[in-house]
Amino acid sequence: MKNVLKKLLRQNKYIEALAYILQNNQILNSSGTGEFGNSIEEMYQHNINIAQLYAKNYDGILDNKIVLEIGTGFTRTTMLYMIKEYNLKKAYCYDRFNCLHENDDKIIQKYGLEPYLEKLEYISGVNEELLKIENSSIDYIVSNAVLEHVDNLDLLFNVLGQLIKQDGVIYHKVDLRCHNRFKKYGELYFHTFSDTFWNMMGGKIGQPNRKLLKDYIALYEQHNFNQEVNIVESFNNHELERAQKYLKNKNINEYKTASVEFKLCKK
Ligand SMILES: C[S@@+](CC[C@H](N)C(=O)[O-])C[C@H]1O[C@@H](n2cnc3c(N)ncnc32)[C@H](O)[C@@H]1O
């Protein structure tokens with residue numbers, strides 16, 4: 001039913017824009033449940049995949065390390081699984097908005113993750129809440145599909161820069177696609193709106209911040225990180241040719257990255 005409604009709202013861009021404005025003002029709620037799995041089993045598998053992605057991208061042994069996950073989302077499973085599989089010393093789950101799903105407890109129970117809860121701390125609230133963690137105490141900071149929703153990346157990186165150890169590693173996977181917003185008109189059509197109008201449609205609810213690859217590179221440079229950039233996916237030529245028409249004077253090359261991984265360490 002929800003999906004049929006979403007499809008209908010997306011038939012016309014003015015109706016779609018109005019729906020986002022209503023959603024942003026809490027008059028209509030269509031939060032993204034289902035995006036990361038509809039059942040307990042699917043959600044669990046999604047989170048195992050992320051845990052394995054994080055483990056693969058850590059150069060070293062995770063045993064006895066302290067890990068901080070940014071933008072935990074619906075469930076603490078990713079970090080609990082990492083505590084279990086890689087024998088972490090401690091894991092923090094942080095989210096700007098507490099959106100733990102009712103399935104969180106069910107997954108923990110079903111897959112026997114309760115014993116690992118004692119090594120996990122959940123933090124939610126403004127980014128500064130993270131400063132209750134000891135300075136320079138984190139070995140590995142991770143996130144998946146989060147940075148593209150962060151409204152103030154500068155603030156977040158000020159905090160992360162204080163928490164990461166001098167020899168610590170930061171891994172972020174970032175999705176620069178439109179997250180279905182105005183997708184019917186093109187994958188990059190969401191870049192055509194003014195910042196003011198875009199904020200009206202989702203400034204309060206963590207919609208995509210529309211930052212480009214070059215913005216992330218400049219951000220890390222500004223915060224004194226060495227960076228390794230791995231482009232996971234680019235938009236195809238057909239999509240870019242289409243976008244060139246509606247993005248008129250913009251340099252289309254700056255828009256071509258769809259998904260990217262960053263590995264950072266302190267300079
Ligand atoms: C698309 S979800 C990703 C959830 C999870 N990482 C996953 O891959 O399943 C994005 C998450 O980022 C969180 N978020 C948005 N802005 C944030 C911020 N400034 N700091 C931390 N988390 C934020 C949202 O609340 C949401 O839980």
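Predicted model: local features only at pLDDT ≥ 70, side-chain atom pairs only at ≥ 80, totals over all residues.

**Helix packing and the ligand site**

Start with helix H3 (residues 40-56) and helix H4 (residues 77-86): they pack at an angle of about 55°, and their axes sit 8 Å apart. Angles from 65 to 115 degrees would count as roughly perpendicular and those under 35 as roughly parallel, so H3 and H4 are oblique to each other. The crossing of H3 past H4 is right-handed. On the H3 side, the contact is made by Tyr44, Asn47, Ile48, Ile50, Ala51, Gln52, Tyr54 and Ala55, while H4 brings Thr77, Thr78, Met79, Tyr81, Met82 and Tyr86. Sort those by class and you get 10 nonpolar residues, four polar ones and no charged ones.

Now for the second pair. Helix H6 (residues 153-163) and helix H8 (residues 213-222) cross at roughly 40°, with axes that come within 10 Å. That angle makes H6 oblique to H8, and their crossing is right-handed. Look for Leu153, Asp154 and Phe157 in H6, which meet Tyr216, Leu219, Tyr220 and Gln222 in H8. This contact of H6 with H8 divides into five nonpolar residues, one polar and one charged.

On to the ligand. It is surrounded by 18 residues, and the closest are His46, Gly71, Gly73, Asp95 and Asn144. Zoom in on the side chains: a polar atom of His46 lies 2.9 Å from a ligand oxygen, and a polar side-chain atom of Asp95 lies 2.5 Å from an oxygen atom of the ligand. With Arg96, look at the backbone instead: an N or O atom there lies 3.4 Å from a ligand nitrogen.

Technical notes:
Residues numbered from 1 in each chain as written. Heavy atoms only, no water. Axes fitted to C-alpha atoms, helices over the stretch in contact; angles between N-to-C directions. Helix = DSSP H or I, 4+ residues; strand = E, 2+ residues; numbered from the N terminus. Parallel < 35°, antiparallel > 145°, perpendicular 65-115°, else oblique. Left-handed = near helix turned anticlockwise from the far one by under 90°. Contact = heavy atoms within 4.5 Å. Nonpolar A, V, L, I, M, F, W, Y, C, P; charged D, E, K, R; others polar. Near = heavy atom within 4 Å. Polar contact = N/O pair within 3.5 Å; in protein donor to acceptor, adjacent residues only side chain to side chain.
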